[in-house]
Amino acid sequence: MQEFLQQVVSGLATGGIFASLALALVLIYNAMGLVNFAQGEMAMFATFIALVLIDHGLSYWIALPLTLVIAFAGGVVIQRVVIRPVERAPVLTLVIVTLGLATLVNGMAGFLFGYVPRSFPTPFSASTVNILGALASYQDLGVIAVSGVVLVLIYLLLQRTTLGLALRAASHHPDASRLLGIRVSWMLALGWGLASAVGAVSGMLAAPILLLQPNMMQTVIIYAFAAAVLGGIESPLGAVVGGLIVGVTVNLAGAYVPGVGGDLQLAVAFAIIIAVLIVKPNGLFGTASLRRV
Amino acid sequence: MTSLLELEGVRAGYGQTRVLHGISMSVGDGDIVSLLGANGAGKTTTLRAITGGVRWDGSITFGGHSLRHLTTEDIVRLGVAHVPEGRGVLTELTVDENLRVGAYLRHDKAAIARDYDRVFELFPILRERRRLSASTLSGGEQQMLSLARALVMRPKLLLLDEPSLGLAPLVVRRIFEVIREINQTERVAILLVEQNARIALELSTQAYVLEVGRVAVEGPSSQLKGEESVRRSYLGY
Amino acid sequence: MRRLQQSPARYALLVVALILFVGLPTVVTSFQSAEWTQVLIFAVAIMGLNILVGYSGQISLGHGAFMALGAYTTAILVHRYNVDYLATIPIAGLLTGIVGFFLGIPALRLSALYLALATFALAVITPSLIKRPEQLTGGVRGIEILPPQPPDFANSAFTAVTGGPAMTSDQWLYYVCLVIALVLFWLAWNLVRRRPGRALRAIRDGEVAAAAFGVNIAGYKTLAFGISAFYAGIAGSLYGLTIGFVSPDTFPVALSIQILVGAVIGGLASVPGPVLGGIVTFWLPIVSNQFVGSQDWIPAQVASVFKNAGPAVSYGALLILIMIFAPRGLFGLIVSAYTWLQRRVRGAAERGTGHAPPDPQTV
């Protein structure tokens with residue numbers, strides 16, 4: 001039982017990482033009906049920037065918010081430069097552009113930072129604390145706490161501020177929003193900036209565990225896809241819940257199902273994606289949308 | 001004295017298709033002007049041209065400013081509110097949120113609160129359905145919502161595209177009562193596109209009748225109402 | 001044939017291209033022939049993806065997985081069961097095609113975006129899926145395939161033409177791939193021109209309307225998946241034969257992306273596009289590496305990192321630029337340039353008579 005609880009806590013921690021990246025995906029999906037295949041690579045790149053800042057002497061707790069700001073700016077720039085020219089193009093074009101972006105960012109990271117895996121500091125100690133008779137590491141609890149805080153902040157921003165309101169309006173109803181004076185194009189840029197910042201959190205939480213190298217997020221994004229699909233691709237709440245469920249499921253599968261080792265856990269995520277898409281394509285919290293003719 | 005809104009020789013279209021072939025019209029401060037005509041005459045296109053939803057040639061000025069190179073958002077910020085065909089209700093948001101978006105450009109909290117109260121007085125059903133998704137409203141209620149939202153914007157000019165479309169006569173009555181009231185108390189100028197010519201002429205002081213992208217008849221509404229030949233050929237009754 | 005004759009320029013280009021490809025191994029080294037073999041293989045895989053993406057409008061980011069299936073089929077049959085390597089090629093193709101067809105069935109239920117997502121995930125886990133059944137696939141160690149020797153008739157013909165040394169395995173494989181590529185392209189061209197092609201395009205451009213016209217949407221879409229997988233399976237089989245070795249690492253996500261890049265850059269929904277795509281996809285990293293290596297002002301460490309990162313950067317940037325500025329790919333650019341030239345020439349000639357130039361033929 002104790003071990004089971006430990007696995008669950010661990011699963012919640014990895015789930016927090018997935019949830020953050022899934023939330024980034026959902027933010028952009030809500031903004032443009034597009035899954036950003038480059039989200040993981042952007043997160044990885046931001047994490048490298050964080051490492052550069054830390055290597056230059058900044059403390060972790062200063063580098064973190066600074067990185068988020070830089071990631072935000074980067075997201076805005078990408079939307080303005082790369083996405084805006086093809087905004088009205090068909091889905092396939094947009095998918096290809098984000099794939100191109102993913103390839104480009106991955107290559108740039110390799111070019112600038114090399115392919116040797118680097119260790120990434122974590123502010124949480126590795127020691128454990130006793131909860132309900134189970135041992136949980138501060139690392140895991142810290143990850144759960146940080147991702148929790150980020151998710152709550154995004155929720156408050158979207159649901160309780162005027163800016164968040166304008167962002168939601170612009171995402172779902174761009175034409176009507178323009179007629180209300182909302183600068184829709186800039187709202188999209190804001191959406192990308194936010195998504196990029198949230199993704200950066202995911203990267204910075206994943207790096208201590210996975211070791212930072214350009215291909216670090218390639219598996220994480222698959223888990224994030226599974227989380228977003230499971231939760232309902234339009235639902236921020238779904239992303240969070242989905243992330244936690246995927247994290248715990250994958251962890252438990254790895255611990256208790258024989259034969260499911262490191263790389264096959266990914267196949268579990270894939271199976272989740274396929275199962276959800278076949279059985280309940282809208283996910284747990286999504287709503288069915290009308291087919292546009 | 002220049003009017004609040006002036007159109008001169010406006011040509012507009014979609015791609016290769018030219019819809020407006022030189023429209024000239026004006027709306028004065030606090031006036032109600034109706035824009036009438038059959039389907040396809042170009043009424044909606046005229047409204048779209050004003051708020052920058054379609055490319056146009058010619059001259060459009062609002063309060064003396066040319067609207068030539070302005071984006072929709074900028075035109076709205078000058079004081080134009082446009083309730084489009086289909087009402088533009090933000091169905092993904094709640095009724096309350098729809099109204100809040102109406103106040104997006106304003107910063108005077110006290111006045112905004114008073115406007116909300118005013119709006120709920122005019123349309124009590126909206127207060128009842130405040131927390132519900134706007135998609136749960138009926139057609140008439142959505143029209144009320146978009147009108148209410150336009151009010152909260154405190155515009156100088158209100159463009160209304162077929163507010164009576166698809167609504168029951170009683171609902172239409174109520175809506176037009178509110179429109180008249182807004183115009184009288186807030187001095188909001190109104191450009192009203194309508195297929196229901198009868199009710200539009202009752203409400204407006206001035207009217208323009210479009211036919212295939214040109215102004216066929218213009219004049220005081222009282223005059224058009226009375227002239228039988230105009231009524232029969234252009235307004236269908 | 002008639003359409004070709006109506007446009008002599010295109011006919012001539014085709015003949016010239018054919019001569020170039022057939023004659024290639026006689027004038028370049030064996031190693032270079034092997035490089036161009038890869039171009040042909042890519043072209044076949046890209047043509048397969050093109051049928052799915054360009055013509056039926058379904059996105060697949062997982063064609064690397066199909067190639068892996070084809071490659072491993074050939075490898076296992078040759079290595080373990082001693083099947084004649086030439087016979088394994090159609091077997092690999094058919095097997096992959098059938099799998100693709102059956103995968104196309106659940107794919108029907110997925111919207112474009114979800115399909116992209118699902119196939120992307122498939123591409124990512126393909127190496128893991130290959131590693132697991134170690135008995136069959138040799139796990140991480142992979143399977144080796146001995147290079148086949150040219151048969152006598154080919155050898156005699158080749159040495160007669162070149163008057164040189166005996167035909168190498170690479171050169172023989174080049175011709176095998178060329179023949180297969182020609183057959184498959186001819187097949188694709190016919191498919192596209194006739195009813196299946198029209199049906200697919202109707203589906204791509206508007207499913208609801210196509211259904212209203214009585215097109216069997218489900219049938220054609222799954223068929224497209226199957227045919228597309230068939231091409232990828234054959235490409236994979238040839239890939240395994242020409243490289244001589246298959247392992248899980250031979251089929252990373254990057255391969256699926258490469259095929260997509262090739263399809264897009266070459267020009268979706270065109271038959272010559274995949275050939276252009278194959279050329280660009282294969283040569284771009286090599287050319288850019290050589291270019292960077294030859295520039296004195298670029299320091300050595302940068303150049304060596306560029307070798308690893310360069311392809312990704314150039315692919316990514318190229319993909320983005322093409323989608324923004326030339327969404328119909330290189331072939332689309334060529335067609336546009338040709339049309340523009342035609343109009344200028346004809347326009348000048350016919351300005352006097354006042355005739356409008358006729359619309360150019362489209363593929």
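## Contact between chains C and A

In this predicted model, the contact between the two chains draws 39 residues from chain C and 36 residues from chain A. On the side of chain C that touches chain A, the elements giving two or more residues are α6 (112–131), α13 (253–266) and α15 (300–325) of chain C. Of these, α6(C) gives the most to that side, contributing 14 residues. Sorted by class, the side of chain C that touches chain A holds 33 nonpolar, 3 polar and 3 charged residues.

## Contact between chains B and A

Chain A is also in contact with chain B, where 17 residues of chain B meet 14 residues of chain A. The elements of chain B that supply two or more residues to the side touching chain A are α2 (72–77) and α3 (95–102). The residues on this side of chain B divide into 7 nonpolar, 5 polar and 5 charged.

## Packing of α9 and α10 in chain A

Within chain A, helix α9 (residues 217–231) and helix α10 (residues 236–256) have axes that come within 7 Å and cross at roughly 125°.

## Helix α2 of chain A

Helix α2 of chain A (residues 39–55) has 17 residues, which at 1.5 Å a residue should span 24 Å, and this agrees with its end C-alpha atoms, which are 24 Å apart. The helix is mostly covered, with 13 of its 17 residues buried. Just after α2(A), the backbone at G57(A) takes a positive phi of about 105°.

## Packing of α5 and α12 in chain C

In chain C, helix α5 (residues 85–107) packs with helix α12 (residues 217–243) at an angle of about 145°, their axes lying 6 Å apart. The crossing of α5(C) and α12(C) is right-handed. The residues of the contact between α5(C) and α12(C) divide into 19 nonpolar, 12 polar and 1 charged.

Note on methods: Residues are numbered from 1 along each chain as its sequence is written. Chains are lettered from A and ligands numbered from 1 in the order in which they are written. This is a predicted model: local features need pLDDT of at least 70, side-chain atom pairs count only at pLDDT 80 or more; totals for chains, interfaces and linings use all residues. Axes are lines fitted to C-alpha atoms, for helices over the stretch in contact, and angles run from 0 to 180 degrees between N-to-C directions. Helices (H or I, at least four residues) and strands (E, at least two) are DSSP runs, numbered from the N terminus. Two residues are in contact if their C-beta atoms, placed from the backbone, lie within 7 Å. Ala, Val, Leu, Ile, Met, Phe, Trp, Tyr, Cys and Pro count as nonpolar, Asp, Glu, Lys and Arg as charged, and the others, Gly among them, as polar. The expected span of a helix is 1.5 Å times one less than its number of residues. A residue is buried if 20 or more other C-beta atoms lie within 10 Å of its own, exposed if 12 or fewer, and partly exposed in between; C-beta atoms are placed from the backbone. A crossing is left-handed if the near helix is turned anticlockwise from the far one by less than a right angle, and right-handed if clockwise.
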